[in-house]
Amino acid sequence: MRRWLALLVAATTSLVLIALLVPLALLVRTAAEGRAMSAAGSEADSVAVTVGSADAETLRLGTERAAHPVTVFLPDGRVVGAPARRSPAVELAARGRSVTAAVPGGREVLVAVQGVPGGTAVVRVHLSDADLTEGVARVWAGLAALGVALAGLGVLVADRLARAVTGPVSALAGVSHRLARGDLAARTVPGGPPEVRAVGLALNHLAERITGLLAEERENAADLSHRLRTPLTGLRLEAESLADPGEARRIEARVDALERAVTSVIVEARRRTRDRAGCDATAVVSARVAFWSVLAEDQARRLDLDLAPGPLPVAVPADELAACVDALLGNVFAHTPEGAALAVRLATADGGALLTVSDDGPGFGTGTAAPAERGRSGAGSTGLGLDIARRTAESSGGSLSLGASATGGASVVLLLGGA
Ligand SMILES: Nc1ncnc2c1ncn2[C@@H]1O[C@H](COP(=O)(O)OP(=O)(O)OP(=O)(O)O)[C@@H](O)[C@H]1O
Ligand SMILES: [Mg+2]
């Protein structure tokens with residue numbers, strides 16, 4: 001847009017400047033010509049007054065003192081002064097009419113002098129092309145420089161204006177991209193011209209609406225799931241009234257499982273609606289490592305723990321971070337042989353936290369092309385653990401990266417955004 005505006009202004013200013021400067025340049029040349037002609041006329045007049053009275057020698061001296069080549073054609077055919085051809089214009093002037101005429105390389109100004117013994121004398125002053133355009137080139141150069149400077153100034157001002165518009169528009173595009181990526185907290189600070197500011201306000205309003213609608217949808221999902229409780233209660237009563245106690249227990253167990261599933265759907269749907277409060281990463285990680293350390297001891301695994309002193313606030317709810325740490329530690333226990341050591345390290349990074357879980361196992365190797373791909377498991381499991389960890393990290397503005405530990409085992413690095 002900046003380039004288009006600059007081009008538009010350059011084109012319009014150039015047109016306006018051409019429309020003004022070209023006639024002005026022609027006027028300057030005409031004025032220079034007129035000035036040279038009137039100076040030549042005065043010169044011719046001053047020589048003309050001496051033609052009748054002075055002798056040929058005085059006349060010659062008079063013509064030599066003139067600034068331009070002056071020739072006097074006397075009625076008796078003599079020519080005094082600068083040599084010149086007796087042109088048809090000179091013949092015309094000799095009949096008593098003062099004229100100017102174009103000659104190769106310039107113009108001649110001819111003044112008829114009457115009352116000279118023997119007829120009419122003609123005083124001719126020759127002006128070269130250089131005399132006629134004296135000073136014109138300098139003025140034209142000045143006008144051209146003025147034109148270029150004005151066009152440049154126009155483009156500069158247009159560029160400033162364009163930048164004032166494109167800056168806020170780019171910011172708007174950035175916010176809409178963040179919204180599209182699912183970052184519903186993204187908002188723009190409305191700025192720029194009123195129209196762009198109005199778009200910014202509308203985008204913020206849209207983001208609010210999307211957030212509100214999503215919250216409503218989740219509450220609806222919770223409500224709908226809740227409705228399942230009534231038929232479930234009926235089913236439980238039916239089960240209790242069954243004659244065969246074995247069958248009754250079996251069906252009751254199924255009903256219990258179904259009820260737990262319904263409860264977790266309601267809790268999950270409502271949890272996503274609430275504000276996602278952050279947590280202290282040090283507290284959560286140390287609690288989860290304490291839990292897993294019992295199993296590590298059972299399996300004779302060395303567990304190194306290096307935690308940055310808390311509190312270390314991160315933008316991830318405590319239960320999500322706990323699930324994430326469980327997924328990573330669970331992987332070590334599931335995919336490395338018993339006895340393989342593991343290390344957990346939590347450090348501060350970029351205002352957030354950097355959690356590294358590494359082990360002395362076989363590592364990711366090359367067998368599993370994309371271990372973090374959702375649903376892809378190298379061990380016949382569900383393949384969700386690493387994807388859950390990645391999504392948790394990304395929801396806080398961080399990331400997950402997989403690599404190798406110093407001993408060639410697996411190393412998972414989780415960057416968590418600060419709260
Ligand atoms: N510490 C590790 N050492 C070696 N391989 C690992 C390790 N962690 C993960 N992997 C590999 O990455 C794959 C994907 O892990 P992910 O946790 O996503 O799924 P999963 O453990 O197979 O299944 P789930 O976690 O859903 O039970 C694993 O199947 C395994 O092949
Ligand atoms: Mg796993």
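**Exercise 1. Determine whether Trp292 is buried or exposed, and identify its stacked aromatic partner.**

Solution. Trp292 has a relative accessible area of 13%, so this residue is buried. The value comes from a predicted model. The stacked partner of Trp292 is Phe333, with 5.2 Å from centre to centre and 25° between the planes. Planes under 30 degrees apart count as stacked, so the angle of 25° places the pair in that class. The pair joins distant parts of the chain: Trp292 belongs to helix α9 (residues 281-298) and Phe333 to helix α10 (residues 318-335), 41 residues apart. Phe333 has a relative accessibility of 12% and therefore counts as buried.

**Exercise 2. State how many aromatic pairs the whole structure contains, and classify the pair of Phe291 and Trp292.**

Solution. In the pair of Phe291 and Trp292, the ring centres are 5.8 Å apart and the planes stand at 85°, so the geometry is edge-to-face. Angles over 60 degrees define that class.

**Exercise 3. Identify the arginine residues placed over the rings of Phe291 and Phe333.**

Solution. For Phe291, the residue over the face is Arg288, at 4.5 Å from the ring centre. For Phe333, the charged end of Arg301 sits over the ring, 4.8 Å from its centre.

**Exercise 4. Describe the packing of α9 against α10 and the residues that meet there.**

Solution. Two packed helices are described by the angle between their axes and the distance between the axes. For α9 and α10 the angle is about 35° and the axes are 9 Å apart. Their crossing is right-handed. On the α9 side, the contact is formed by Ala281, Val284, Val285, Arg288, Val289, Trp292, Leu295 and Ala296. On the α10 side, Ala318, Leu321, Ala322, Val325, Asp326, Leu329, Gly330 and Phe333 take part. By residue type, the contact of α9 with α10 divides into 13 nonpolar, one polar and two charged. The stacked pair of Trp292 and Phe333 therefore has both its members among the residues of this helix contact.

**Exercise 5. Locate Thr188, decide whether Thr188 is buried or exposed, and list its contacts.**

Solution. Thr188 lies in the loop between α5 (136-180) and α6 (194-227). Its relative accessibility is 9%, so Thr188 counts as buried. Leaving aside residues up to four places away in sequence, Thr188 touches Leu172, Val175, Gly200 and Asn204.

Technical notes
Residues are numbered from 1 along each chain as its sequence is written. Chains are lettered from A and ligands numbered from 1 in the order in which they are written. This is a predicted model: local features need pLDDT of at least 70, side-chain atom pairs count only at pLDDT 80 or more; totals for chains, interfaces and linings use all residues. Side-chain values use heavy atoms; hydrogens and water are left out. Rings of Phe, Tyr and Trp (its six-membered ring) pair if their centres lie within 6.5 Å; planes under 30 degrees apart count as stacked, over 60 as edge-to-face and the rest as tilted. Buried means under 20% relative accessible area, exposed over 50%, partly exposed in between (1.4 Å probe, protein chains only). Helices (H or I, at least four residues) and strands (E, at least two) are DSSP runs, numbered from the N terminus. A charge sits over a ring if NZ of Lys or CZ of Arg is within 6 Å of the ring centre and within 35 degrees of the ring normal. Axes are lines fitted to C-alpha atoms, for helices over the stretch in contact, and angles run from 0 to 180 degrees between N-to-C directions. A crossing is left-handed if the near helix is turned anticlockwise from the far one by less than a right angle, and right-handed if clockwise. Contact means heavy atoms within 4.5 Å. Ala, Val, Leu, Ile, Met, Phe, Trp, Tyr, Cys and Pro count as nonpolar, Asp, Glu, Lys and Arg as charged, and the others, Gly among them, as polar.
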